[in-house]
Amino acid sequence: MNENRAIDLHTHSSCSDGSLTPAELVARAASAGVEVLALTDHDTIAGVEAARETALAVGVHLIPGVEISASWRAQSIHVLGLWIDPAAAELGTALREQADRRGLRMRKICARLGEVGLPGNRLLAAVEAQPGLPTRAHLAAALVAEGIVTRTDDAFRKFLGRGKAAHIAADWPPLDVVVGWIRSAGGVACLAHPARYPLSGGARRQLLADFAAADGGAIEVITGGNAPQHVEACAQWAIKFGFTASLGSDFHQPEHSWNPLGRLAKLPPGLTPVWRSHGL
Ligand code: AMP
Ligand code: MN
Ligand code: MN
Ligand code: MN
């Protein structure tokens, strides 16, 4: 593939915590000049079919994807499944279980908010009224709508983030299990935003080694908002551990003007793009 083509392999729709429907997302990507797009909603592939229909109509090459939440040493890790078969049975069952985990965790978080004097039941109802599999981003939006915080960032800083009153440790399945689901669906497992996890240097190297041992194939080298020093670090990790390299904006909504669709730096030289093995 011509390396100058616009590629974006990490995006969200309203089937998880993005603001655009899958059809709107694909149409916007086409207008932005994106030629190859992966839809990677959190723990759901519900948007893939609609995205595919629009992609056909507007001439975008759509890669079916998902961003699955996993656990590694008590840390939540995000693994992208790219080129997954949306009809794969084991992955389908696993994602239904992830949806149940998300629902249960949201109820626990809202109960905790109730304990600290906030309208937990009303917040839960507001989350459940929004489209998409529930995430903390939905709850942050509900906290803003209630006037309890002014910005979603504050919701994480005051209530939802690590160490805060309503932080509930998620019981996501282990990293190797999640990679196994993706591989069983014919997908490439790609570690999302490897520089974003709060880990020491040694722990991060162990994460990368464990991900490789579990049959993880790629890491995200360019991700929306990544500082240049992270790109260089990610590139070195890709080479050291033998991963192919991916890039994606992690687009959630047009209002996040700092994180548009498809406006990504090129992969540094010397890396094998993740799409090379897929004939692109
Ligand atoms: P969850 O997967 O339910 O833990 O929700 C995490 C989602 O919340 C992420 O995918 C982001 O979209 C969003 N998020 C996480 N941290 C923040 C933050 N500090 N400010 C705004 N949004 C955040
Ligand atoms: Mn998100
Ligand atoms: Mn993520
Ligand atoms: Mn994401």
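Trainee: Which residues are around ligand 1?
Mentor: The shell is D17, H42, R102, R105, T135, R136, A137, D153, F156 and H252, each with a heavy atom within 4 Å of the ligand. This is a predicted model, where local features need pLDDT of at least 70 and side-chain atom pairs 80 or more, while totals for chains, interfaces and linings use all residues. Residues are numbered from 1 along each chain, chains are lettered from A and ligands numbered from 1 as written, and side-chain values use heavy atoms, without hydrogens and water.

Trainee: What's the distance from R105 to ligand 1?
Mentor: A side-chain N or O atom of R105 is 2.3 Å from an oxygen atom of ligand 1, and polar contacts are N or O pairs within 3.5 Å.

Trainee: And D17, how far from an oxygen atom of ligand 1?
Mentor: A polar side-chain atom of D17 lies 2.9 Å from a ligand oxygen. For H42, the value to an oxygen of ligand 1 is also 2.9 Å.

Trainee: New topic: why does ligand 1 lie between the domains?
Mentor: Domain 1 (3–91 + 174–278) and domain 2 (95–160) both give residues to the shell, so ligand 1 lies between them. The bounds come from an automatic or database assignment.

Notes: A polar contact is a pair of N or O atoms within 3.5 Å; within protein, one must be able to donate a hydrogen and the other to accept it, and residues adjacent in sequence count only if both atoms are side-chain atoms.
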